[in-house]
Amino acid sequence: MGHGGVTRRHELTDHEWESIAPLIPRAATGRPRVEDRRAINAMVYKIRTDVSWRDLRERYGPWQTVYTRFRRYALDGVFTRVLQHVQARADAAGDIDWLIQIDSTIVRAHQHAAATGRKGGGTGRTNRTITPSADPEAD
């Protein structure tokens, strides 16, 4: 496991890791890389604590490595597939209640959603034509 059997706060438990491990891409060739579980735990730690990438704890390895893998997984759809897998398992076990209600009395539009123009009021959006700048070499 390489994890020492210790589950730290903000990291995946053994059960959680075993559930998603088959969905994490494996490196077929190239130089040895940071252990998958350690990299995923670094990502989970970063998201749960909102720490900056540069401030990741040293136990996770170089922050650049974790960030690069995070970005690659995001672009390749790895996280989407993991989420779908976890949701499907939880749904099959009856652990998800899909009934969602939103009380519209607490849903508010952002101030910029109103088409009131500037502070003084205004009647809405102004259509403006964007024209290219003059060519500075034309003189």
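The largest nonpolar core comprises 20 residues, and those with the most contacts inside it are Trp-17, Ile-24, Ile-40 and Leu-56. A nonpolar core is a set of buried Ala, Val, Leu, Ile, Met, Phe, Trp, Tyr and Cys residues joined through side-chain atoms within 4.5 Å. Buried means under 20% relative accessible area, exposed over 50%, and partly exposed in between (1.4 Å probe, protein chains only). This is a predicted model, in which local features need pLDDT of at least 70, side-chain atom pairs count only at pLDDT 80 or more, and totals for chains, interfaces and linings use all residues. Residues are numbered from 1 along each chain as its sequence is written, and side-chain values use heavy atoms, with hydrogens and water left out.

- Leaving aside residues up to four places away in sequence, Trp-17 touches Leu-12, Ile-24, Asp-36, Arg-37 and Ile-40, where contact means heavy atoms within 4.5 Å.

**The largest pocket**

- The volume of the largest pocket is about 540 Å³; a volume is the space filled by probe spheres set on grid points, which are joined across faces, edges and corners.
- On a 1 Å grid over the protein atoms alone, where a 1.4 Å probe fits, a pocket is an open set of points with protein on both sides within 12 Å along at least five of seven lines, and lining residues have an atom within 4 Å of a point.
- Of the 20 residues that line the largest pocket, Leu-12, Glu-16, Ile-20, Val-82 and Val-86 lie nearest its centre.
- At least two lining residues come from each of α1, α2 and α4, and α4 gives the most, with 6 residues.
- The lining has 14 nonpolar, 2 polar and 4 charged residues; Ala, Val, Leu, Ile, Met, Phe, Trp, Tyr, Cys and Pro count as nonpolar, Asp, Glu, Lys and Arg as charged, and the others, Gly among them, as polar.

**Individual residues**

- Thr-65 lies in helix α3 and counts as partly exposed because its relative accessibility is 31%.
- The C-alpha atoms of Thr-65 and Ala-39 are separated by 8.3 Å, and the two residues are 26 residues apart along the chain.
- His-10, in the segment before α1, has a positive phi of about 70 degrees although it is not a glycine.
- Asp-50, in the loop between α2 and α3, is not a glycine, yet has a positive phi of about 60 degrees.

How values were computed: Helices (H or I, at least four residues) and strands (E, at least two) are DSSP runs, numbered from the N terminus.
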